[in-house]
Amino acid sequence: MAVADAAARSRIADIGLAEEGERRIAWVARHSPVLKRLARNRLSDGALRGKRVAVVVHLEAKTAYLATLLAEAGAEVVAAGSNALSTQDSVCAALVRRGIEVHARHGASPEEFTADLLDVAETGPQIVIDDGAELTRRIVEHRPELATRLEGVTEETTTGVARLRALQDAGLLTFPAIAANNARCKHMFDNPYGTGQTALTAIMRLTNLSAAGKRFCIVGYGWVGQGLARRAVGYGGRVTVVELDPVQALRAHMDGYRVAPLAEALDDADFVITATGTTAAVTAQVFPRLKDRVILANAGHHDREIDVTALAARSEPIEVRPGVTRYEIDGKRVYVLVDGALVNIAGGDGNPVEIMDLSFSVQALAAHHLASSDLPPGLNTFPDDLDREIARTKLSTLGIELDEESEAQRQFGAEWRT
Amino acid sequence: MSESRIRDASLADDGERKIAWVAEWMPVLNGVCDRLRSDGGLAGRRIAVILPVEPKTAYLAAGLAAAGAEVTVAFQGVMVHDDVAAGLAARGVEVFAKRGSTHEEELEYFDRVLARRPEVVIDDRADLIRLAHTTHPEALETLLGASEETTSGVTALRAMEADGTLKVPCIAANNARCKYLFDNRYGSGQSAVNAVLDSTNLLLAGKRVVIVGYGWVGKGMALRARGLGAEVTVCEVEPFAALEAYHDGLDVAPILEACATAEIVLTATGVRHALGIEAVEALPDGALLANAGAVDDEFDVPALRARASETRQVREHVEEFRLADERSLFVVGDGVCVNLSAGEGHPAEIMDLTFSVQALAANYLLQNATNMTPAVHALPAEIDESVAREKLKALGVRIDRLTPEQESFLHAWEAFD
């Protein structure tokens, strides 16, 4: 699209910020060898040419690079953020300058955020790269007639896959969807290593506090929670895990962590980090158990894992440092980071570039797969051969070689006789 | 009488918020300053604080001032947070510090500090003490002593003592156990690694990280880098430290070899050009360089700049140096102490220990310097231990004491049956 057209159709904060956004995208490009080699190559066959692709993922530099590659492959890309607090205005400006239509502003109100997503829906996307199913569920709910035109959706997060499954159970998933999150090259790296590292570094930077010796309460021991626990230990912290699923709880126990019910775990917690993918993980019910000067942060998809509304109902919120809000509950100081939004994204630059190189390679190849094959409606898995190819490409960029399965090993695996 | 030189007084509110925040996490220093105020020993005494101007140092300076001292603060430009400088000035402390100040301005600031005729200096890298012994000998007439913050500063003071230059008693605050065991290791370890990751938005897991220097800072960085999934190689010149790194399960290699495959190089040697230009030249394309040591030029940024065909700022705090052979190297935080140049410095709770040591060392010098020789002295062990006990108390951690029987065993030399 011509820049003037893109600018006319877009709703962003300030196109004057484009230069800073360009710098950020250039840094991402440098550290995204898999997207650069594999995805660019795969996308060049013309399957995406002329396709309207909506990219609704946290709008920062990594996402912008993905959007750029899709546009380069001939797709008509429209981008919006998946969370108003994670949108970076400079990156939006750079995308518009690159001729891509963008509907996103940092700090947009919930109404503005929804309006931006509905504007994206109005462009009639054929393929949606979604995060938290934010666009997909709005299309199904508010613009069902547009759902019939969808050729497919590919979903980034655990939360979004759960929502798509709920749509499927309700009989509303009438188009193909790929659970990109469930690709091994996504959830085995992005969730534990990406969010694990960046949530911890963001918390430390936002607070300028020490982790060594501190008690961390990790609420939820999924892929993200496991990464948070490991990195908290890496920073010298001591970890208590809170989990509802007995198998995951047992796993946490055997990984060497203390496992306890939330209320009990809160008694001595210096930091509480939620990663449950659900809502209301830390609610008013357990406020009495919080320690004075506890730091609450969320590393899950929703802004609602920590009940900030309940805190605000009982106390005047005071921002004591950028990104740190104090509430006084029963004479105790409770600090919430970035209003309970995803701490690594709203309070930092999000997952590391190299990790998103993997995740977005999955997304790029998933979008390409949707455009070039005839998938049945409903949830589909990401093809294993593509998943392996991404991993192999990443390994080769790292200079790591692999052995091949030997003939004897292959035969042994295929043999059932004793 | 305050003639502060700061960048922008209107930033005072932001600075004050940051100072107020760290105050909540420095319970030991709060107690120390309260006691110093009530015993009156600091009343009217002149103290110069030469430390990076960030929230914790500001709180130390403000605490000493609140205890009655006349405090003057100065520091060089890269490690000055202008909002904090403004906040501190608004608390009535005299501050000479601007981010991005010129060398001439910095010399002028130090002149102004020395013109206040401080009785005690809380110094960093022995900067002010060296000036007092070279270009400003008149300052020595009223100077009682200094307390030194860094390993490299203590090394310089010992050199001055050895050649008979040192004219005032100095306390090696850095060598207090409550300082180096925590500040250098856990403070720098966490905040230096964090600053590099925050500045670059890159992943550490699986990365080849080279740590040059396995002193306390190097140990802390190695511990945290490994904790975040990196593959760590240590470069050392000192055989004991190298052997320690080996037994800590880390790779040990000569610097040229280690640099050939390094993705991130972190220096913490206290030595100028510890990472020479040959080692920098050996780095592969894309390598990141950061310094966590107190010496500004542990790797030779000017030489790198001279060799670069092009340089540009690729992100805030990250500068690219493109070399003639198309390789690019990236320097994080200008090659000066990265946790301060690209972050807010050490965690507040760690500086609670360090600055309690400093406040007590300054007080000790004010009361006792006239009876001390012009040499490098240790902080009295009982003061060091009192800080550790106060910190444990604040953390709610209880410990045992020796029983009389155990105590007498430790002091007996006779054979026991």
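**Close-up views of a predicted two-chain model**

**View 1. Helices H3(A) and H4(A) cross in a right-handed sense.** The model shown here and in the following views is predicted. Helix H3 of chain A spans residues 33–43 and helix H4 of chain A spans residues 61–72; their axes come within 10 Å and cross at roughly 30°. Because an angle under 35 degrees counts as roughly parallel, H3(A) is described as roughly parallel to H4(A). On the H3(A) side, the meeting residues are A:Leu35, A:Ala39, A:Arg40 and A:Leu43, while H4(A) contributes A:Tyr65, A:Leu66 and A:Leu69. By class, this contact of H3(A) with H4(A) comprises six nonpolar residues, one charged residue and no polar residues.

**View 2. Seven strands of chain A form an open sheet with parallel pairing.** The strand order is S3-S2-S1-S4-S5-S6-S15. From one strand to the next, the twist averages 20°.

**View 3. Strands S5 and S6 of chain A pair in the parallel sense, over two bridges.** S5(A) covers residues 152–155, and S6(A) covers residues 176–178. A:Val153 has A:Ala177 in S6(A) as its bridge partner. Helix H7 of chain A (residues 134–142) packs on the sheet and touches strand S1 (52–56), strand S4 (127–130) and S5 of chain A. The direction of H7(A) makes about 130° with that of S4(A).

**View 4. Chain A is divided into two domains, domain 1 (3–188 + 351–397) and domain 2 (192–346).** Their C-alpha centres lie 29 Å apart. To the contact between them, domain 1 of chain A gives 13 residues and domain 2 of chain A gives 16 residues. Helix H9 of chain A (residues 158–169) supplies three residues, the largest share of the side of domain 1 that touches domain 2. That side of domain 1 of chain A has nine polar, four nonpolar and no charged residues.

**View 5. Chain B is likewise shown by domain, with domain 1 (9–179 + 347–395) and domain 2 (187–341).** The centres of domain 1 and domain 2 of chain B, taken over C-alpha atoms, are separated by 29 Å.

**View 6. Chains A and B meet through 29 residues of chain A and 27 residues of chain B.** On the chain B side, two or more residues each come from helix H1 (12–23), helix H8 (177–200), helix H9 (216–227), strand S12 (310–315) and helix H15 (348–368) of chain B. H8(B) provides the largest share of this side, five residues. The side of chain B that touches chain A has 13 nonpolar, eight charged and six polar residues.

Methods:
Residues numbered from 1 in each chain as written. Chains lettered and ligands numbered in written order. Predicted model: local features only at pLDDT ≥ 70, side-chain atom pairs only at ≥ 80, totals over all residues. Axes fitted to C-alpha atoms, helices over the stretch in contact; angles between N-to-C directions. Helix = DSSP H or I, 4+ residues; strand = E, 2+ residues; numbered from the N terminus. Parallel < 35°, antiparallel > 145°, perpendicular 65-115°, else oblique. Left-handed = near helix turned anticlockwise from the far one by under 90°. Contact = placed C-beta atoms within 7 Å. Nonpolar A, V, L, I, M, F, W, Y, C, P; charged D, E, K, R; others polar. Pairing = 2+ DSSP bridges. Domains from an automatic or database assignment.
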